[in-house]
Amino acid sequence: MRALRYSQYGGPEVLEVAEAPEPHAGPGQVRIAVRAASVNPIDHKIRSGAMGTDPAALPRIPGVDAAGVVDEVGDRVEGVAVGDEVLGIGAATSAERAVLSLFTAKPPSMSWAEAAALPLGAETAARALDLLGVGEGTTLLVEGAAGGVGSAAVQLAVARGATVLGTASERNHEYLRRLGAVPTTYGAGLVDRVRELAPQGVDAVLDTAGKGSVPQLVQLVDDPAQVVSIADFSAPEVGARVTSGGEERAGYALAEAVRLHGEGRYVVEVEATFPLEQGAEAHRVSEGGHVRGKLVLVVDEG
């Protein structure tokens, strides 16, 4: 099969499309013929070596979430058959075939690009919101609210009955308003701006940006543990928490986001799509850190 992969750690230039062995579905898994795969910040963090290097793990295919047509069903999988269209989370998804461990049905109303862009953002956001206890009456601040996880967190929190404030560059403020958040800019003076927007206080903060703002963010809550970061692993140094996916996944979030999408209450923003052959360029754009929503690799037009 064709796959986007790299044989050494480094910048986007180490990526190439090459032949790779096909994976197979294990227990509880399905394999899909990939139509589209999402590009996430974790992909370039691993590829660059920022998460550590393991020569034995090379060559490696990036990608965590994707959408496609089931062509192999593992043991102990019920309710899914070959030929079903699904979206989900797995590994090595930037390829013609990929194995998913968490998945749900793709609705006909959702494009392949939207379906590929949904899973990891929704799952990560829901996991963080659960840790923070976000629900009816909660006031939540999302740092980096226009990205894939940030925009998912805004919408899931609004659906839970929370009041949401979100930081983003000014070009994305109207986008955040459409999602249901009160926008503000990030950077110097954030604490004062948030206190002006939410004089009643903030109950919880989710940092999706990982830009070193956690020491300021903990000033907004009564307990630093009410700040959770998905991207700043130094957060515990000031009493905040980190969620990285090593704990139990919020798999239910995939079906929840799909349901909300069908009700017109969840938008999957795809800023740009790239053919698999332009995977290096997609990674380069992702590393720039100013993506609204998600970037998607189109593997097969279907």
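Contact is taken here to mean heavy atoms within 4.5 Å. Helices (H or I, at least four residues) and strands (E, at least two) are DSSP runs, numbered from the N terminus. The structure is a predicted model, in which local features need pLDDT of at least 70 and side-chain atom pairs count only at pLDDT 80 or more, while totals for chains, interfaces and linings use all residues. Residues are numbered from 1 along each chain as its sequence is written, and side-chain values use heavy atoms, with hydrogens and water left out.

Helix α9 spans residues 279-287, and G279, A280, A282, H283 and S286 in this helix are buried (buried means under 20% relative accessible area, exposed over 50%, and partly exposed in between, with a 1.4 Å probe and protein chains only). These residues lie on the same side of α9, because they cover an arc of only 160° around the axis; the arc is that of the directions from the helix axis to the C-beta atoms. The buried residues of α9 pack against β1 (2-5), β3 (30-39), α1 (41-48), β13 (270-275) and β14 (294-298). Just after α9, G289 adopts a positive phi of about 80°.

In α6 (residues 190-197), L190, V191 and V194 are buried. Their arc around the axis is only 100°, which puts them on the same side of α6. On the other side of this helix, D192 and E196 are exposed. The background to such patterns is that an α-helix has 3.6 residues a turn, so residues three or four places apart point the same way. The cover over the buried residues of α6 includes β7, β8, β9 (182-184) and α7 (214-217).

Strands β9, β8, β7, β10, β11 and β12 form, in that order, an open sheet of six strands with parallel pairing. Two strands are said to pair if DSSP finds at least two bridges between them. At the edges stand β9 and β12 (241-242), each with a single partner strand, so one side of each is left without a neighbour in the sheet.

Strand β7 (residues 139-143) is largely enclosed by the rest of the structure, because five of its five residues are buried. T139, L141 and E143 point one way from β7, whereas L140 and V142 point the other way. In a regular strand the side chains alternate between the two faces of the sheet. With strand β8 (residues 163-167), β7 pairs in the parallel sense over four bridges, and T163 is the bridge partner of T139. Four bridges also join β7 to strand β10 (residues 204-207), again in parallel, with L140 opposite A204. Further along the sheet, strand β11 (residues 227-229) runs parallel to β12 and is joined to β12 by two bridges; here S229 stands opposite V242.

One cavity of 30 Å³ or more is present in the structure. On a 1 Å grid over the protein atoms alone, a cavity is a set of points where a 1.4 Å probe fits but cannot get out, and lining residues have an atom within 4 Å of a point. The largest cavity contains about 70 Å³ of space, a volume being the space filled by probe spheres set on the points, with grid points joined across faces, edges and corners. Its lining comprises 14 residues, of which A117, G148, S151, Y266 and V268 are the closest to its centre. The elements that give two or more residues to this lining are α3 (119-132) and α4. Helix α4 gives the most, with four residues.

Several loops show backbone features of note. Most residues other than glycine have a negative phi, and most peptide bonds are trans. The peptide bond from L58 to P59, however, is cis, with omega near -5°, and P59 is found in the loop between α1 and β4 (65-73). R76, in the loop between β4 and β5 (85-91), has a positive phi near 65° and counts as exposed at 73% relative accessibility. A92 is not a glycine, yet its phi is positive at about 50°. This residue lies in the loop between β5 and β6 (97-105) and is partly exposed, with a relative accessible area of 26%.

Methods. On a 1 Å grid over the protein atoms alone, a cavity is a set of points where a 1.4 Å probe fits but cannot get out, and a pocket is an open set with protein on both sides within 12 Å along at least five of seven lines; lining residues have an atom within 4 Å of a point.
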